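I opened the model and went through it element by element. These are my entries.

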Amino acid sequence: RLQINWDELLQRNKDVKAWIQIPNTNVNYPVLQGETNDTYIHSDIDHNELSAGSIFIASENEDPFNDFNTVIYGHNMKNGSMFGMLHRFDNTDFSKVKCYINIITPISKIRYKIVTTAVWGTKNIPSSFKNSNEGLIKLLNTVRLNLSHKNTIHLKKSISSKNQHMLVLSTCGSNDRSRFFIIALKQNEWRIKF
């Protein structure tokens, strides 16, 4: 069972917002959020320069994990660290295989179910796509989804629901000019008892 010392983490850096853990991968990291999306792209939790950077939430997210859509970035490292293992989910049939992402915050534990992977053809994601369901549906119409037509319709219906919260993990694609996404829907949230 994952034990997180929040007092120690937040003392090291007040920008720590959560912890991300994906079962059966080595994704098990603190998640930060800087003033801009460049703040932690090449620095660690202690602000030391690090080419691998940190795992971080898009600066556009005003209320991470409560926003309609929370975007988390991480580098696609060749040694498999950071988000280097996300590509193993490409071509997975998520209607047959259940894969989850666990997010732990100082006040709650959240479980997201991965529903698809996607490829975006340019390096930057337009910010208009990030925090509205209309924008995300527009994005899904643009990207190459690893979904059947039937499941694509189901996903778009889920996104249209005002009660549905999404998590998008974003890393480099097969080249530096593309992005690879993991798209997940919130399943459960448990408040942590103090």
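The model is predicted.

**Entry: strand E1 and its partners**

I looked up what E1 pairs with. Strand E1 (residues 16-21) and strand E5 (residues 100-104) run antiparallel, and three bridges join E1 to E5. With a cut-off of at least two bridges, E1 and E5 therefore count as a pair.

Val 16 is bridged to Leu 32 in E2. What lies between E1 and E2? They form a hairpin with six residues between them. In the turn, Asn 24 has a positive phi of about 65°.

**Entry: positive phi**

Most residues other than glycine have a negative phi. Phe 65 is not a glycine, yet its phi is positive at about 75°. I found Phe 65 in the loop between strand E3 (55-57) and strand E4 (69-73). Is Phe 65 buried or exposed? Its relative accessibility is 3%, so Phe 65 counts as buried.

Asn 91, also not a glycine, has a positive phi of about 70°. The loop between E4 and E5 holds Asn 91. Asn 91 has a relative accessibility of 61%, so it counts as exposed.

**Entry: His 165**

I located His 165 in the loop between helix H3 (149-160) and strand E8 (166-172). Its relative accessible area is 19%, and the cut-off for buried is under 20%, so His 165 is buried. Which backbone oxygen does the side chain of His 165 reach? The oxygen belongs to Asn 66, at 3.3 Å. I then listed contacts, leaving out residues up to four places away in sequence. His 165 touches Phe 65, Asn 66, Asp 67 and Phe 68, and also Tyr 112, Ala 184, Leu 185 and Lys 186. Phe 65 in this list is the residue noted above for its positive phi.

**Entry: Arg 179**

Arg 179 lies in strand E9 (residues 179-191). With a relative accessible area of 8%, Arg 179 is buried. I checked what its side chain reaches. There is a polar contact of 3.1 Å between the side chains of Arg 179 and Ser 170. The side chain of Arg 179 also reaches the backbone oxygen of Thr 171, at 3.5 Å.

**Entry: aromatic rings**

I searched the whole structure for aromatic pairs and got two. In one, the ring centres of Phe 56 and Tyr 73 are 5.4 Å apart and the planes are at 35°, so the pair is tilted. This pair links distant parts of the chain, with Phe 56 in strand E3 and Tyr 73 in strand E4, 17 residues apart. Phe 56 counts as buried at 6% relative accessibility. Tyr 73 is buried too, with a relative accessible area of 11%.

The rings of Phe 89 and Phe 94 have their centres 6.5 Å apart and their planes at 35°, so I logged this pair as tilted. Both Phe 89 and Phe 94 are buried.

The charged end of Arg 111 sits over the ring of Tyr 100, at 4.3 Å from the ring centre.

Definitions and conventions: Residues numbered from 1 in each chain as written. Predicted model: local features only at pLDDT ≥ 70, side-chain atom pairs only at ≥ 80, totals over all residues. Heavy atoms only, no water. Helix = DSSP H or I, 4+ residues; strand = E, 2+ residues; numbered from the N terminus. Buried < 20%, exposed > 50% of the residue type's maximum accessible area, 1.4 Å probe, protein only. Polar contact = N/O pair within 3.5 Å; in protein donor to acceptor, adjacent residues only side chain to side chain. Contact = heavy atoms within 4.5 Å. Phe/Tyr/Trp six-rings, centres within 6.5 Å; stacked < 30°, edge-to-face > 60°. Lys NZ or Arg CZ within 6 Å of the ring centre and 35° of its normal.
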